[in-house]
Amino acid sequence: MNKKSIFLVLIFFAFASIKAYSQCSSDECIAKLGDGYTFLKSYKMESVGEETEHSYVFSKETSYMLVLCGKDGASQNVTVTLYDSNRKEIATNYDKKNNKYYNAIVYTSKATGMYYLRYSFQGEQPCCVSVLAFKK
């Protein structure tokens, strides 16, 4: 194989990987928001086997919805856990008892303050998008 052929093969794989990741977009997740919810922020995760944490200020008596979408529309093997400002666990999308992942969490904030969203990956999940929305 000559240098030109190798270069063309590398370009092909670069564009193929861009296309694969574009299938995991926030638009798909935004479409899954419940009625009356307003989009706030999206988070894209591509690191398998690691934990990622984000923070966001929630307002008292406001309902928040967090929706997860993988490249195939599912959120298998991605656990998101919501913590309050004291790092107390409030909710998670993973039901340990039934070994089931849910694609959304809905929570009504009892106090204004910093809340934390911790994501962890188990197994293979090359791309996951999370969308945070609110409703008064």
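Reader: How many bridges join β1 to β10, and do these strands run parallel or antiparallel?

Author: Seven bridges join β1 to β10, and the strands run antiparallel. Two strands pair if DSSP finds at least two bridges between them. Strands themselves are DSSP runs of E with at least two residues, numbered from the N terminus.

Reader: What sort of model is this, and what are the cut-offs?

Author: This is a predicted model: local features need pLDDT of at least 70 and side-chain atom pairs count only at pLDDT 80 or more, while totals for chains, interfaces and linings use all residues. Residues are numbered from 1 along each chain as its sequence is written, and side-chain values use heavy atoms, with hydrogens and water left out.

Reader: OK, back to the sheet. What is the strand order?

Author: The order is β1-β10-β3-β8, an open sheet of four strands with antiparallel pairing. β1 (38-45) and β8 (104-108) are the edge strands, each pairing on one side only.

Reader: Which residue in β10 is the bridge partner of Met65?

Author: Ala133 is the partner of Met65 in β10. In β8, Met65 has Val106 as its bridge partner. Strand β3 (residues 63-70) pairs with β8 over five bridges, and eight bridges join β3 to β10.

Reader: How many residues of β10 are buried?

Author: Six of the eight residues in β10 (residues 128-135) are buried. Buried means under 20% relative accessible area, exposed over 50%, and partly exposed in between, with a 1.4 Å probe and protein chains only.

Reader: Switching to charges. How many salt bridges are there in the whole structure?

Author: A search finds three. The criterion is a side-chain nitrogen of Lys or Arg within 4 Å of a carboxyl oxygen of Asp or Glu.

Reader: Which residues are linked in the network?

Author: Glu51, Glu53, Arg87 and Arg118. Arg87 and Glu53 have their closest N and O atoms 2.7 Å apart. That pair links distant parts of the chain, with Arg87 in the loop between β4 (78-83) and β5 (89-92) and Glu53 in strand β2, 34 residues apart.

Reader: And the N to O distance for Arg118 with Glu51?

Author: For Arg118 and Glu51 the N to O distance is 4.0 Å.

Reader: Is Glu51 buried or exposed?

Author: Glu51 is exposed, at 56% relative accessible area. Glu53 is partly exposed at 32%, as are Arg87 at 40% and Arg118 at 25%.
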